[in-house]
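Biologist: Could you show me how to read a few packing features in a model like this one? I would like the general idea before each case.

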Amino acid sequence: SDTGFSDVDADSWYANAAVYCRDNGLMSGTSADTFEPNATLTRAMVWAILARADGESVTGASWAEDARLWALSCGVSDGTDMNSGITREQFATMLWRYAGSPASEHSLAAYADAASVNSWAADAMAWAVERGIITGVTSDTLSPQGTATRAQAAAMLMRYLEGLA
């Protein structure tokens with residue numbers, strides 16, 4: 001099946017997520033036919049994606065400020081560092097806050113880099129791993145400080161939203 005993106009192979013692990021996010025109006029391509037799966041998302045882009053998932057129209061010249069105000073109003077983010085690349089643990093934390101900060105007793109001990117998860121992200125990462133929203137970049141590493149690529153973000157978003165369905 002053709003994804004409609006020249007840079008997203010239909011057999012890639014993130015193909016369904018890229019198509020899902022496009023078809024649901026959450027993430028558009030970076031051009032008419034590219035998705036740029038390995039590109040980094042900024043914090044503002046994630047606010048916009050979550051705002052769209054929440055039914056907000058975040059488009060046009062003021063999209064970033066509109067997304068920032070939405071993120072602040074519902075406690076998803078502190079609204080700072082709008083143009084910084086988002087880390088995997090920051091993305092998980094924003095999703096977790098969007099979900100209402102649910103409790104999780106899940107242990108991250110199976111991951112060799114669990115100790116590198118910041119304390120403010122620990123509950124969110126435990127929840128995201130427990131729910132299958134975030135998976136390791138290898139069988140035993142979470143790479144919480146690594147930047148979330150567009151492919152990873154699309155997959156996490158789809159897993160979260162589909163899990164709610």
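Modeller: Happy to, and keep in mind that this model is predicted. Let's begin with contacts, where heavy atoms within 4.5 Å count. Leaving aside residues up to four places away in sequence, threonine 93 touches Trp120, Ala121 and Ala124.

Biologist: Is threonine 93 buried or exposed?

Modeller: Buried means under 20% relative accessible area. Threonine 93 counts as buried because its relative accessibility is 2%.

Biologist: In which helix does threonine 93 lie, and which backbone oxygen does its side chain reach?

Modeller: Threonine 93 lies in helix H4, residues 88–98. Its side chain reaches the backbone oxygen of glutamate 89 at 2.7 Å. As background, an α-helix has 3.6 residues a turn, so residues three or four places apart point the same way.

Biologist: Now helix pairs. At what angle do H1 and H6 pack?

Modeller: Angles of 65 to 115 degrees count as roughly perpendicular. Helix H1 (residues 15–23) and helix H6 (residues 150–164) have axes 8 Å apart and pack at about 70°, and they are therefore roughly perpendicular to each other. H1 contributes Asn16, Ala17, Ala18, Tyr20 and Cys21 to the contact, while H6 contributes Ala154, Ala155, Leu157, Met158, Leu161 and Glu162. By type, those residues divide into 9 nonpolar, 1 polar and 1 charged.

Biologist: Which residues of H1 are buried, and what does their cover include?

Modeller: Ala15, Ala17, Ala18, Tyr20 and Cys21 are buried in H1, and the cover over the buried residues of H1 includes H6. Just after H1, glycine 25 takes a positive phi of about 70°.

Methods: Residues numbered from 1 in each chain as written. Predicted model: local features only at pLDDT ≥ 70, side-chain atom pairs only at ≥ 80, totals over all residues. Heavy atoms only, no water. Helix = DSSP H or I, 4+ residues; strand = E, 2+ residues; numbered from the N terminus. Buried < 20%, exposed > 50% of the residue type's maximum accessible area, 1.4 Å probe, protein only. Polar contact = N/O pair within 3.5 Å; in protein donor to acceptor, adjacent residues only side chain to side chain. Axes fitted to C-alpha atoms, helices over the stretch in contact; angles between N-to-C directions. Parallel < 35°, antiparallel > 145°, perpendicular 65-115°, else oblique. Nonpolar A, V, L, I, M, F, W, Y, C, P; charged D, E, K, R; others polar.
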